[in-house]
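Have the viewer open as you read.

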Amino acid sequence: MGLAACFRYYFQHPWSRLIVAYLVTFFNFLIFAEDPVSHSQTEAHMIVVGNCFSFLFNKYPGPGWTTLKVICWILAIFFGLLAGKFIFHRRLFGRYLRLKMFREDHGSWMTMFFSTILFLFIFSHIYNLFLLMAGNMEPYLVTEYMGIRNESFMKIAAVGTWMGDFVTAWMVTDMMLQDQNYPDWGQAARRFWKRGNNRIVLFWTVLISLTSVVVLVISTDWISWDNLNRGFLPSDEVSRAFLASFILVFDLLIVMQDWEFPHFMGDLDMNLPGMSTTHVKVKLPVCKRIFKDEYHIHITGKWFNYGIIFLVLILDLNMWKNQIFYKPYEYGQYVGPGEKIYTVEEPDTLKNFNHSTLTYEWRSTTVDPGTNRTYVALDMFLHSRYVGASLDVKCLAFVPSLAAFVLFGFFIWLFGRFQDSETFTENPDKSYERIKRKSPSEYSKEMGVTPEEMQATMLETLRRSGTPMLLSVDGPTPSTQSTISTGTQETHPSIVIDHSAQEAPAVSFDVKKLSP
């Protein structure tokens, strides 16, 4: 076994993939517990995503402006879906970059989701332009501030990352226990996993039970991380930035460790979590009087899995941004003895705080008249530290993530593209699986010929070519002077070509006369 083959064998080994998948889940919990932003009572803000959230869910002015705002985000969603499908997926990823993972319909829904976020961000600024032109509408401007506290947002993000990371890890486990690429690994576990409905029952049992515990612990604060670890190996902004960076690396490693990376063109397909099928088809309701086509949304297990990873990646990028640019004052926090962080929890203080009042010296010596206690006694103490490291030092934490992103793109560019000599298959309908219902008369109108004229044309062509072959065209069984129902029956001429004939061209037709 060569060096490259040996590296790939162990890099994509089931144990390696399982360790990476479950380490991501653990690291996300760890950084949520250590991150001081998780305890901040100030308003949450997040670039791009915060604008989209504010655009859709809050800061609605009077009825007239509300109507304009709703029209703007409806147009943003509509144009975002169109641009994601026909510009980014079909043109950019399909025809220009020729990426195998985006062939035909693959990955179209994830592309449309991210393009919709982009267009919501753009249309939010267009909406802001109307507000600025009207004047006196500054409180309703759409910004990155989301209208909820950082503590609440971080709890929602923690639950979301838990769901995404656990489903991803469980799908990796499911695939490891179903496939035979490493036949000597986990034979007993595989036999148990494939027996009956064990896989489905275990998935839902573990998911519901663990998710209930996780949501309860995160939302109620019954378990305090600072009371558990008691300052054991406290983190600072530099170590937290490196931890967030390695979470990004592991997110990409989960995708890169897939046996079909970077093309995802193999026959292998994994079942969706908790289901016995590899894909989901949803029939879209359409008006049959207007549309003659039926549309189905088709989502495969691979894109369901890795689509979740890229959604979690957005939250992980925000977590990394928080650690790199973290300053206690901006989050209603300050630094005390031992470089420990204190969080202000009083709403009145947060409304009027400034650099002079938000310090340990002032809050430890000033008495609150309402409680007759110093202000620091009312604040939350955290074991997390802030050492005031420079931005240059903290940016070093992005080096591992940057290297992972570069390798990810390099492997896709080198091995995940259709070459010029390869045929790039493209579906006529890129978003949906299309089912056409047409009558024989409709086919005749589209072709511009009748079945008899088509037969004569094929016969004349064969006589001129002189190629030895046997051609047979079959039509439907004739009915006694009755008209074929255009709604229940389809007629497709079938052509069978036999190149093995070596004698003179023998052409036979067995075509029954079609009713108009």
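Predicted model: local features only at pLDDT ≥ 70, side-chain atom pairs only at ≥ 80, totals over all residues.

Residues are numbered from 1 along each chain as its sequence is written, and side-chain values use heavy atoms, leaving out hydrogens and water.

**Aromatic pairs**
- The whole structure holds 30 aromatic pairs (Phe, Tyr or six-membered Trp rings with centres within 6.5 Å; planes under 30 degrees apart are stacked, over 60 edge-to-face, the rest tilted).
- Phe53 and Phe57 form a tilted pair, because their ring centres are 5.1 Å apart and their planes stand at 50 degrees.
- Both sit in helix α3 (residues 49–57), four residues apart, about one turn of the helix.
- Phe53 is partly exposed at 26% relative accessible area, whereas Phe57 is exposed at 56%.
- Phe166 and Trp170 have ring centres 5.6 Å apart and planes at 25 degrees, so this pair is stacked.
- Phe166 and Trp170 lie four residues apart in helix α6, about one helical turn.
- Phe166 is buried at 5% relative accessibility, and Trp170 is buried at 12%.
- Ring pairs join Phe166 and Trp170 into a cluster with Phe29, Trp162, Trp193, Phe203 and Trp204.

**A loop arginine**
- Arg103 is found in the loop between α4 (63–96) and α5 (108–134).
- The side chain of Arg103 reaches the backbone oxygen of Lys100 at 2.8 Å.

Terms used
Helix = DSSP H or I, 4+ residues; strand = E, 2+ residues; numbered from the N terminus. Polar contact = N/O pair within 3.5 Å; in protein donor to acceptor, adjacent residues only side chain to side chain. Buried < 20%, exposed > 50% of the residue type's maximum accessible area, 1.4 Å probe, protein only.
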